[in-house]
Amino acid sequence: MLEALTGTGLATAAGLNAYIPLLIIGLLSRYTDLITLPGTWAWLDNGWVLSILFVLLAIEFVADKIPAVDTVNDVVQTFIRPTAGGMAFAAGSGSETITVENPADLFTQKLWIPIAIGVIISLTVHGAKATARPVMNVATVGVAAPVVSTAEDATSTGLSLIAIIVPILIIVCLIVMIWLFFRWRKRRRQRRLDRTNTIALPPLR
């Protein structure tokens, strides 16, 4: 179960930012004993790979905080984030960590299974993010873009670390994220309904 939670947390993080979980996996594998990558994914802690991820993260960090540009970036990331999520799920769930000593055979012998699961998870999270961001930008005249983006980056970082160090907490994190998303959708629906009712009311005489 812990292997699946580790992979799920990393894939969810990739749905918010494609490069943060991969970078964290690579850095922790290269410089700490918190995670030991299986041979299939050992290239993630290569110096050149980490450097490329740093550059891509820097570009994403800036682009995602500029109104309108963030929407274009989300379109481009529709292909990148699910791919990164598949990689993160497979690499994370197949690795030895401080809480996972023996990764499940399901995740080490049938590589396409964790990749497919990770792609689905990341695509779902990315879809929610890409849907909500334009609405927030319009409602706040673009003011929300840098604030929400920073919160997403922080969440992606936190989820990645929790998934590797304390994967059981991923359950709580996912429940909170789902609750916040549906709460936002409910409030948005209510505001839209209120506006409709206001317009429909006849003028007072």
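The accessible surface of the protein comes to about 11,100 Å². Carbon and sulfur atoms hold 72% of that surface. The model is predicted. The protein has 205 residues, and 40% of them are buried.

The fold contains eight helices and two strands. Read from the N terminus, the elements follow the order α-α-β-α-α-β-α-α-α-α. Among contacts with a separation of 6 or more, 74% join residues 24 or more positions apart.

Side chains of opposite charge can pair when their charged atoms come close. Eight salt bridges were counted in the structure. One of them joins Asp-64 to Lys-129, with 3.1 Å from N to O. Asp-64 lies in the loop between helix 3 (47-63) and helix 4 (69-93), while Lys-129 belongs to helix 6 (residues 112-140), so this pair ties together parts that are 65 residues apart in sequence. Both partners fall under the 20% cut-off for burial. Asp-64 has a relative accessible area of 1% and is therefore buried. Lys-129 is also buried, at 5% relative accessibility.

A second bridge links Glu-152 and Arg-133, at 2.6 Å from N to O. Glu-152 sits in helix 7 (residues 144-165) and Arg-133 in helix 6, so the bridge ties together parts that are 19 residues apart in sequence. Glu-152 and Arg-133 are both buried. These two bridges belong to a network of salt bridges that links Asp-64, Asp-70, Lys-129, Arg-133 and Glu-152. Asp-74 and Arg-81 form another salt bridge, with their closest N and O atoms 2.9 Å apart. Asp-74 is buried, as is Arg-81.

Aromatic rings were examined next. A pair of such rings is described by the distance of the centres and the angle of the planes. The whole structure holds two aromatic pairs. Trp-41 is buried, with 7% relative accessible area. Trp-43 is partly exposed, at 37%.

The other pair is Phe-181 with Phe-182. Here the distance is 5.6 Å centre to centre and the angle between the planes is 75 degrees. The angle is over 60 degrees, so the pair counts as edge-to-face. Phe-181 is partly exposed, at 24% relative accessibility. Phe-182 is partly exposed too, with a relative accessible area of 49%.

One ring also meets a charge. The charged end of Lys-65 sits over the ring of Phe-61, at 3.6 Å from the ring centre.

Key
Residues numbered from 1 in each chain as written. Predicted model: local features only at pLDDT ≥ 70, side-chain atom pairs only at ≥ 80, totals over all residues. Heavy atoms only, no water. Helix = DSSP H or I, 4+ residues; strand = E, 2+ residues; numbered from the N terminus. Buried < 20%, exposed > 50% of the residue type's maximum accessible area, 1.4 Å probe, protein only. Contact = heavy atoms within 4.5 Å. Areas by Shrake-Rupley, 256 points an atom, 1.4 Å probe, with all protein chains shown as cover. Phe/Tyr/Trp six-rings, centres within 6.5 Å; stacked < 30°, edge-to-face > 60°. Lys NZ or Arg CZ within 6 Å of the ring centre and 35° of its normal. Salt bridge = Lys/Arg side-chain N within 4 Å of Asp/Glu carboxyl O.
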